[in-house]
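Please prepare a briefing on the structure shown below, grouped by topic and with the cut-offs behind each term.

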Amino acid sequence: MHKGYGTTATLFAIVCLLTVTTRFYKVEEPDHVCWDETHFGKMASWYINRTFFFDVHPPLGKMLIGLSGYLTGYDGTFAFDKPGDKYENASYVGMRLFCTSLGASVVPMAFLTVNQMTSSPTAALFSSLLILFDVGLITLTQYILLDPILLCFMMGSILGAIKVSYNTADEFSPRWWIWLIFTGTMLACCCSVKFVGLFVVLLVGLITIADLWNILGDLTKPVVDAVKHLCARAICLIALPICLYICFFYIHLTVLNRSGNGDGFYSSAFQSQLIGNSLYNASMPHQVAFGAVITLKNQRAGGGYLHSHFHLYPDGMGARQQQITTYTHKDDNNKWMIKKYNAEELSEGEIVRSGDLVRLEHVATRRNLHSHKEQAPITKKHFQVTGYGENGTGDANDVWRILIKGAKDGTEVTAVTAKLKLVHYLQSCVLTTTGKQLPKWAYEQQEVSCSANLRDAYALWNVEENIYDKLPNVNFEVYAPSFWERFLESHAVMFQGNAGLKPKEGEITSRPWQWPINYRASAQYRIYLLGNPVIWWSNLVFIALFLIIFFVNAVKQERGYFKSFSEPNKMKLKACAWLFLGWLLHYVPFWAMGRVLYFHHYFPALLFSSMLTGILMDYILDQFPKLFHEQHTHFVYHTCIGIFLSVVLYSFYLFAPLAYGMNGPSSNEPNSTMHGLKWMETWEF
């Protein structure tokens, strides 16, 4: 195939046309909430309404969805309660078009990337078509989700890095700087959508290190040239992304200034900055006095409030006494009265001090915070914590010593700022939360226990609400955190939330070994997220082929069968090596993750394996002159290309209903049009 500019431009135009045709077809269907649109559509509404919320991902993707909705007429009033809810009169199409547009950009960027790496329009065409005709990518990029935004910025990062690495423009020319700044911007955006964007940062970092090493080894250039390159990349690929990332968070925290249902995941001081929160412009006593009604918030990232309710621990979970948990939402069941351990009559205005012995009476149920030598429900090495007694009267196991971290005995206990420990007087254990989620009998709230390790990192609490009318009030503004404190706390809460993600009831999860083979996907109202099996399984074969070819060629070169590769072959194998590394970086880390995983986590890795397959196919076709007589080479070459295009196109035709919507019976029925396509028993369309 002729590799001139005209041919490349024509092929690129064809790829762009096919991309628009396949990606925007039926983008408005179905006209109801699908998959995680229930989450990200809801978050777009919160941005439009400036309502604060908690999410485990950085804010950029959700901000962009909210902005696209606002600009296309969505007013932020649709509830997005659950999948299947009809949109009715809600203006949802603009947000879908926005996400689809970013997802569609992946295909032409893949073409440009591969063409730059190999100087082969054929390889670029093969790679882009493998991405173009994958029905899973179409499904993933047609809805109001973060994935199309992430994939766009990820591919943009790779394109920019390759343009800089392969010297598309003269060094330090305006065009060169533009590509370098573009790369840094894409990296910042990628990490600001999901933290898995750090994998592409690592890949671009390795490409950059290799470039700098080659520049340093170029003896035709002075060392100062390598220093200039190092400084330019440090500014554009490190400093610029960090600044942009911080700017995105500044916008996020500025826009979301109203109280919402995620407030409880954050510290009391953080919440005091949210309009409508009970702590916003609140006035309450600075010191904590005996007789005060307080709430206690755990100081771990995303920690909840000490909580109880009218329900007992079930049989087999220690004593059948009242449950004590932590709960991340504000609730009257979070309120406790702090009392002296040995007296019901209280001196007016007597301040609680570090070292005092106290009882904590749950206001709603009149039972005391209690511990004893029964095992905690989940963490068996800890003691159980319960609510015990009647009308505030219990026993000696209700007594706790209150301590302020880093303070001497006798120091006054203050609201918000004092970091408190509650040490059980008889058991010598400390009140803590393990962060483990309790079963449904405890409404999936978090376990509270008493740990014998008095240095338990999660045993610190602070008084948030402090209701006592016999002491002077101070305004909560004195506790206002700076932007940097809110920035750091946001990350601590996100990391904690990510680590603790658990599957919801009935939710389809998966493990990394299942992803490359399309073992199991997920369905939603006759739309089924499944990769094109012909493409996915071919990718696995070509990854194995690449490793074999790379190893064989390395052995041949080492043994002297040939001195060096031809330039085109060298470029293609080098490109495959980088893409293989990209695939590894975006796939292997998931094997070590303890959090819940889903099928869609594999799609970033899929882009790399598809590009690798396209390049390696072109590499193999270029070997035909060595394998066939000159008279037959041309025929075999074009026949193979024809077979490749036909198989990919036909497989797309067969599986397209999975992306665009299936009609008729399910594939389990013999009369279903999809019956013959159920190649694996685990496919449930």
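This is a predicted model: local features need pLDDT of at least 70, side-chain atom pairs count only at pLDDT 80 or more; totals for chains, interfaces and linings use all residues.

Residues are numbered from 1 along each chain as its sequence is written, and side-chain values use heavy atoms, with hydrogens and water left out. Helices (H or I, at least four residues) and strands (E, at least two) are DSSP runs numbered from the N terminus.

**Record annotations**

- UniProt, in an unreviewed entry, places the feature "transmembrane region" at residues 93–112, 124–145, 176–209, 230–251, 534–555, 575–593, 599–621 and 633–656; its positions are given in the numbering used here, feature names are shortened, and annotations may be inferred rather than shown by experiment.
- Residues 176–209 are 85% helix and 0% strand, with end C-alpha atoms 17 Å apart, whereas residues 599–621 are 83% helix and 0% strand, with end C-alpha atoms 33 Å apart.
- The unreviewed UniProt entry also places the feature "domain: MIR" at residues 285–341, 349–405 and 410–466.
- Residues 349–405 are 0% helix and 44% strand, and their end C-alpha atoms lie 23 Å apart; for residues 410–466 the values are 0% helix and 44% strand, with the end C-alpha atoms 20 Å apart.

**Helix contacts**

- Two packed helices are described by the angle between their axes and the distance between the axes; here axes are lines fitted to C-alpha atoms, for helices over the stretch in contact, and angles run from 0 to 180 degrees between N-to-C directions.
- Helix α2 (residues 37–49) and helix α3 (residues 60–71) have axes that come within 8 Å and cross at roughly 70 degrees, and α2 and α3 are therefore roughly perpendicular to each other, a label that covers angles of 65 to 115 degrees.
- Their contact (heavy atoms within 4.5 Å) is made by F40, M43, A44, Y47 and I48 of α2 and by K62, M63, I65, G66, G69 and Y70 of α3.
- By class, this contact of α2 with α3 has 8 nonpolar, 2 polar and 1 charged residues, where Ala, Val, Leu, Ile, Met, Phe, Trp, Tyr, Cys and Pro count as nonpolar, Asp, Glu, Lys and Arg as charged, and the others, Gly among them, as polar.
- The axes of α11 and helix α13 (residues 483–499) come within 11 Å and cross at roughly 95 degrees, so α11 and α13 are likewise roughly perpendicular to each other.
- On the α11 side, Y245, I246, F249, Y250 and L253 meet F483, W484, R486, F487, S490, H491 and M494 of α13, and the residues of this contact divide into 9 nonpolar, 2 polar and 1 charged.

**Pocket and cavities**

- On a 1 Å grid over the protein atoms alone, a cavity is a set of points where a 1.4 Å probe fits but cannot get out, and a pocket is an open set with protein on both sides within 12 Å along at least five of seven lines; lining residues have an atom within 4 Å of a point.
- Grid points are joined across faces, edges and corners, and a volume is the space filled by probe spheres set on the points.
- The second largest pocket has a volume of about 400 Å³, and of its 19 lining residues the closest to the centre are V201, L237, I238, P241 and I242.
- Helices α9 (174–191), α10 (197–216) and α11 (223–255) each supply at least two residues of that pocket's lining, with α11 giving the most, 9 residues, and the lining has 16 nonpolar, 2 polar and 1 charged residues.
- The structure holds 5 cavities of 30 Å³ or more, and about 90 Å³ of space lies in the largest cavity.
- Of the 14 residues lining the largest cavity, D55, H57, H252, Y266 and M494 lie nearest its centre, and α11 and α13 each supply at least two residues of the lining.
- The second largest cavity has a volume of about 50 Å³, and α10 provides the largest share of its lining, 4 residues.

**Backbone geometry**

- Most residues other than glycine have a negative phi, and most peptide bonds are trans.
- The peptide bond from E29 to P30 is cis, with omega near -10 degrees, and P30 lies in the loop between α1 (5–23) and α2.
- N281, although not a glycine, has a positive phi of about 55 degrees, and N281 is placed in the loop between α12 (268–271) and β1 (283–285).

Methods: Angles under 35 degrees count as roughly parallel, over 145 as roughly antiparallel, 65 to 115 as roughly perpendicular and the rest as oblique.
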